[in-house]
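User: I would like to learn how to read a protein model. Could you take me through one, feature by feature?

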Amino acid sequence: MSASAVGCVRTPSALRKNRKPKTIKSWRGGVQGTRRHAITPDAGPGSSADTTAANVGTISLATQIAQVKDGDLLLLHITGVGDFDEETNEPLLARAWFFEAVRDATFTKVAGGDAGDTSTVIGLCRGVTTQLTFHDDSKTLTLSAASRDSAPNLATRAWVLANFPEWSSLLKGLCSNGTYPRSAADVLAPLTAGQGQGSDAPKIVVSSVEKVTDYAELTTEVLTNPGYWCDGTPANCFETDPKKQATLNAGELLALLVGNRGVVLTQLWAGWVDPGNQQPIDAPFALRALRECCLDGKVVVLAAPIAGAPLEKGLTAIIASSESPWMERAILLQSFGAQAALVAGSPYYQTLVGTILGYDRRNVEAHVASIGGALTPQIVRAVAKDLDEVSNVTGSIPWRDAFFPSAKPGRVGTGSETTETGTERGKFFFEDVDGDDEENKKFGGRRKTKKKPSSTASLENVESMFGKKRR
């Protein structure tokens, strides 16, 4: 789910059993040219600049930061750093600085006057924990490493251990050798290059902020207008909307949650990504949406390493409805080590994976043709026959009648959230919260479903059938 060729080629991808991937692709969503939104001036509430901003339909940075809520996605424009719409072949997520708020903004009042007052927002920026701070005395907004850990400690989270023990083990090893998570200082270093040290410690000044979307808004869009996150990419597609580019990974997971997708792949670890670059799971909202999937009683999650390779080479999460035929198809993908960010080894496998993921037939055909293959009638019939052997149930989309999002902070909001207190409200969304299971049972029965079915027997059946094939 999380990767594709530059140029917004969002394609099905998997590995042929016991074969090395033909092509390794870069991040999805990398295109040239983007759409801009309103830029806000640097000024505090009540200032002349603030009044001018109101007259042209924008608000001050101070007001913007004070209004940030958990789940907001911001696009930061950094003083002295080239804007994200420069002509370059780098994907958008490697050029733009997106900031996913994981807490509501807080205001700190300094006794004896306004000097020193600050508004602060904690969030994830390229996979590490950072903070935005508006300084009332200087009327400036700065970005810095958060005072707490620079990245979420995923390896020990209960939801990771329960659903992805392989990922937890891999993360512990990567942490021990210093590979991942990256430090906030290293991630932010390009923004302070050439600045002084010591008393002139480098500061990252944010000149303007744009709210791109928020988690609840994205969920609503995926529910009501899901095509971008469900159909794959048409031939010669160059997506220019930064909101869609930034939320591709999370949007596909949310499409599964709301019932508009039956199976989704997302890359938990891409061993071919340069250590200095962000991982697919670092994309905005991706971790949040993955956790939501793991907590959903009607969703099955599976881990798929690259066939015959150590976990460090690559690990994909396969997320599916627990209903037939989606669960059986997910197990089929797991049986040959399908990867979200690698190209399948043959037109047959490309078609098989694209069909399982629910991509539009025309887009699957365009993908196969783009790498020199052809979607022949023989391949189409073979894929249909194999899928029928896995499960003869005809699935329908949406696969669930209704989706009732949790009102718990850090997940999709319903507009009727109750404010949590102290310790609970201060937690990040990716951390375990006491009482999670009981809390989730209150919302639409999502957690009252039967225990997630075991896939062991089904996997054996799939492998006995599918492992004999040589496409």
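**Reading the model**

Analyst: Thr 120 sits in strand β4, which covers residues 118–125. Keep in mind that this is a predicted model.

User: Is Thr 120 buried or exposed?

Analyst: The cut-off for buried is under 20% relative accessible area. Thr 120 has a relative accessible area of 16%, so it counts as buried.

User: Which residues are in contact with Thr 120, leaving aside its neighbours within four places in sequence?

Analyst: They are Asp 104, Ala 105, Thr 106, Gln 131, Leu 132 and Thr 133.

User: How many helices and strands are there in the protein?

Analyst: The protein has 18 helices and 10 strands. It has 471 residues, and 54% of them count as buried. Among contacts with a separation of 6 or more, 71% are between residues 24 or more positions apart.

User: How do I read a sheet?

Analyst: Strands of a sheet pair through backbone hydrogen bonds, and the pairing is either parallel or antiparallel.

User: How many bridges join β9 to β10?

Analyst: There are 7 bridges between β9 and strand β10 (residues 314–321). As one example, Pro 305 has Leu 315 in β10 as its bridge partner.

User: What should I know about helices in general, and where does α12 stand: buried or exposed?

Analyst: An α-helix has 3.6 residues a turn, so residues three or four places apart point the same way. In α12, 10 of the 10 residues are buried, so the helix is largely enclosed by the rest of the structure. The buried residues include Glu 328 and Arg 329 as well as Ile 331 and Leu 332. Just after α12, Gly 337 has a positive phi of about 70 degrees.

User: Which residues have the most contacts inside the largest nonpolar core?

Analyst: Trp 167 and Leu 333 do, in a core of 90 residues. Helix α10 (residues 248–258) gives the most to this core, with 8 residues. There is also a second, separate core of 24 residues, which includes Ala 62, Leu 74, Leu 143 and Val 187.

User: What does Trp 167 touch, not counting residues up to four places away in sequence?

Analyst: Trp 167 touches Leu 154, Trp 159, Val 160, Leu 268, Ile 281, Leu 287, Leu 290 and Leu 315.

User: How do I read a pair of aromatic rings?

Analyst: Such a pair is described by the distance of the centres and the angle of the planes. This structure holds 7 aromatic pairs. In the pair of Phe 164 and Trp 167, the ring centres are 5.9 Å apart and the planes are at 80 degrees, so the pair is edge-to-face. Phe 164 and Trp 167 are both buried. Ring pairs also link Trp 159, Phe 164 and Trp 167 into a cluster.

User: Which residues form an aromatic pair that is tilted?

Analyst: Tyr 215 and Phe 285 form one, with 5.4 Å centre to centre and 55 degrees between the planes. This pair links distant parts of the chain, 70 residues apart: Tyr 215 is in helix α7 (residues 215–224), while Phe 285 is in the loop between β8 and α11 (286–294). Both Tyr 215 and Phe 285 are buried.

Key: Residues are numbered from 1 along each chain as its sequence is written. This is a predicted model: local features need pLDDT of at least 70, side-chain atom pairs count only at pLDDT 80 or more; totals for chains, interfaces and linings use all residues. Side-chain values use heavy atoms; hydrogens and water are left out. Helices (H or I, at least four residues) and strands (E, at least two) are DSSP runs, numbered from the N terminus. Buried means under 20% relative accessible area, exposed over 50%, partly exposed in between (1.4 Å probe, protein chains only). Contact means heavy atoms within 4.5 Å. Two strands pair if DSSP finds at least two bridges between them. A nonpolar core is a set of buried Ala, Val, Leu, Ile, Met, Phe, Trp, Tyr and Cys residues joined through side-chain atoms within 4.5 Å. Rings of Phe, Tyr and Trp (its six-membered ring) pair if their centres lie within 6.5 Å; planes under 30 degrees apart count as stacked, over 60 as edge-to-face and the rest as tilted.
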